[in-house]
Amino acid sequence: MPASTMDKDWLRFHPNPSKPRFRPPPGAVDAHCHVFGPAAVFPYAPERKYTPCDASKDQLFALRDLLGFERNVIVQATCHGSDNRALLDAIAHSNGRARGVASVAPNVSDAELHRLHEAGIRGVRFNFLRRLADFTPREVLMDIAKRIAPLGWHVVVYFEAQDLPELWDFFTRLPTTVVVDHMGRPDVSQPVDGPQFERFVRLMREHPNVWSKVSCPERLSVSGSPAYDDVVPFAQRLVETFPDRVLWGTDWPHPNLKTHMPDDGTLVDMIPRIARTAQLQQQLLVDNPMRLYWA
Ligand SMILES: O=C(O)/C=C(\CC(=O)C(=O)O)C(=O)O
């Protein structure tokens with residue numbers, strides 16, 4: 001089987017997303033999206049846990065324009081391991097309209113970190129989902145965090161809500177801003193003021209360096225597409241409690257979804273339901289990501 005044959009159950013991203021009715025404010029940033037390959041140019045990593053369909057920078061930039069956004073933050077996906085070439089190529093061809101979050105190997109040199117900074121990288125991602133990444137000892141990750149801190153970078157963490165108690169001490173010792181993917185993946189069938197989500201809110205309340213992406217209703221929802229009603233109160237709560245520490249992203253091209261593929265226009269149309277005033281929308285989509293990625 002050629003290395004780039006996508007997984008049999010892989011769902012391709014939506015072929016023709018709708019134009020959203022909601023118009024993002026000028027300068028809006030899609031702060032969580034990925035590029036995949038193309039594998040013929042940027043092969044997927046041998047240690048990957050999934051093989052996606054190619055999702056190129058040109059397709060990402062076309063989506064950005066369709067949705068009414070101006071900028072992207074491209075997050076290294078685990079299928080590319082710590083080979084950031086596809087990500088760097090996308091940033092290099094964005095006319096300054098993309099920044100990135102990389103994955104780096106523990107032995108990355110300081111010279112390489114500086115090169116990544118010059119190329120537009122502003123953070124590293126630590127992935128704690130067992131289905132996506134092999135275990136790396138915490139002290140190895142802490143060492144990486146200490147080395148990127150002087151560059152002004154942040155750490156993006158991806159984990160599931162039931163793992164937060166075990167990860168709490170590690171997260172709260174990180175010496176940088178910490179950005180949590182997809183609200184820490186709550187079980188949205190539990191109450192928004194129940195113990196599980198309260199724990200996450202407490203993490204943000206007690207640690208002002210912790211931010212959250214209020215992203216991925218399509219991944220978290222139990223009630224389902226296209227309204228994703230059950231996710232709205234969770235995102236709304238974070239946006240209204242921590243208006244200056246939330247980010248929003250499409251998560252295009254939506255890796256590893258198994259039940260359906262969202263229409264990205266529909267996802268954008270959820271924004272006014274979770275950020276209910278123009279001021280909150282401006283912070284979520286413009287002010288916060290600009291402060292973190294373009295300051
Ligand atoms: O796109 C996301 O954020 C979520 C992913 C993929 C991922 O994180 C990765 O490949 O690095 C997931 O839950 O499978």
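At what angle do helix 5 and helix 6 pack, and how many Å apart are their axes?

Modeller: First, the ground rules. This is a predicted model, so local features need pLDDT of at least 70 and side-chain atom pairs count only at pLDDT 80 or more, while totals for chains, interfaces and linings use all residues. Residues are numbered from 1 along each chain as its sequence is written, and side-chain values use heavy atoms, with hydrogens and water left out.

Now your pair. Helix 5 and helix 6 pack at about 10°, with axes 12 Å apart. Helices here are DSSP runs of H or I with at least four residues, strands are runs of E with at least two, and both are numbered from the N terminus. An axis is a line fitted to C-alpha atoms, for helices over the stretch in contact; angles run from 0 to 180 degrees between N-to-C directions. Helix 5 and helix 6 are therefore roughly parallel to each other. The cut-offs are under 35 degrees for roughly parallel, over 145 for roughly antiparallel and 65 to 115 for roughly perpendicular, with the rest oblique.

Who touches whom? Helix 5 brings Leu 164, Pro 165, Trp 168 and Thr 172. Helix 6 answers with Arg 199, Phe 200, Arg 202, Leu 203 and Glu 206. Contact means heavy atoms within 4.5 Å. By class, this contact has five nonpolar, one polar and three charged residues. Ala, Val, Leu, Ile, Met, Phe, Trp, Tyr, Cys and Pro count as nonpolar; Asp, Glu, Lys and Arg count as charged; the others, Gly among them, are polar.

Each helix of the pair has another partner. Take helix 5 (residues 164-173) first: its axis comes within 10 Å of that of helix 4 (residues 138-148), and the two cross at roughly 25°. That makes helix 4 roughly parallel to helix 5. The crossing is right-handed.

Helix 6 (residues 195-206) packs with helix 8 (residues 232-241) at about 20°, their axes 11 Å apart. That makes helix 6 roughly parallel to helix 8. This crossing, too, is right-handed. From helix 6 come Phe 197, Glu 198, Phe 200, Val 201 and Met 204; they meet Phe 234, Arg 237 and Leu 238 of helix 8. Six of these residues are nonpolar, two are charged and none is polar. Phe 200 is named in the contact with helix 5 and again in the contact with helix 8.

Next, the open space. The largest pocket has a volume of about 670 Å³. A pocket is found on a 1 Å grid over the protein atoms alone: an open set of points with protein on both sides within 12 Å along at least five of seven lines, whose lining residues have an atom within 4 Å of a point; a cavity is a set where a 1.4 Å probe fits but cannot get out. Points are joined across faces, edges and corners, and a volume is the space filled by probe spheres set on them. The pocket lining counts 30 residues, and Asn 127, Ala 133, Asp 134, Phe 135 and Thr 136 lie nearest the centre. Strand 4 (121-127), helix 4 and helix 5 each give two or more residues to this lining. Strand 4 has the largest share, with four. The lining divides into 14 nonpolar, seven polar and nine charged residues.

Of its 15 lining residues, His 34, Arg 125, Leu 132, Tyr 158 and Pro 255 are the closest to its centre. The second largest cavity has about 90 Å³. Its lining includes Cys 216, Pro 217, Ala 235 and Trp 248. By class, that lining has nine nonpolar, two polar and one charged residues.

Cys 216 sits in the loop between strand 7 (210-213) and helix 7. Pro 226 lies in the loop between helix 7 (217-220) and helix 8. The peptide bond from Ser 225 to Pro 226 is cis, with omega about -5°. Most residues other than glycine have a negative phi, and most peptide bonds are trans.

Note on methods. A crossing is left-handed if the near helix is turned anticlockwise from the far one by less than a right angle, and right-handed if clockwise.
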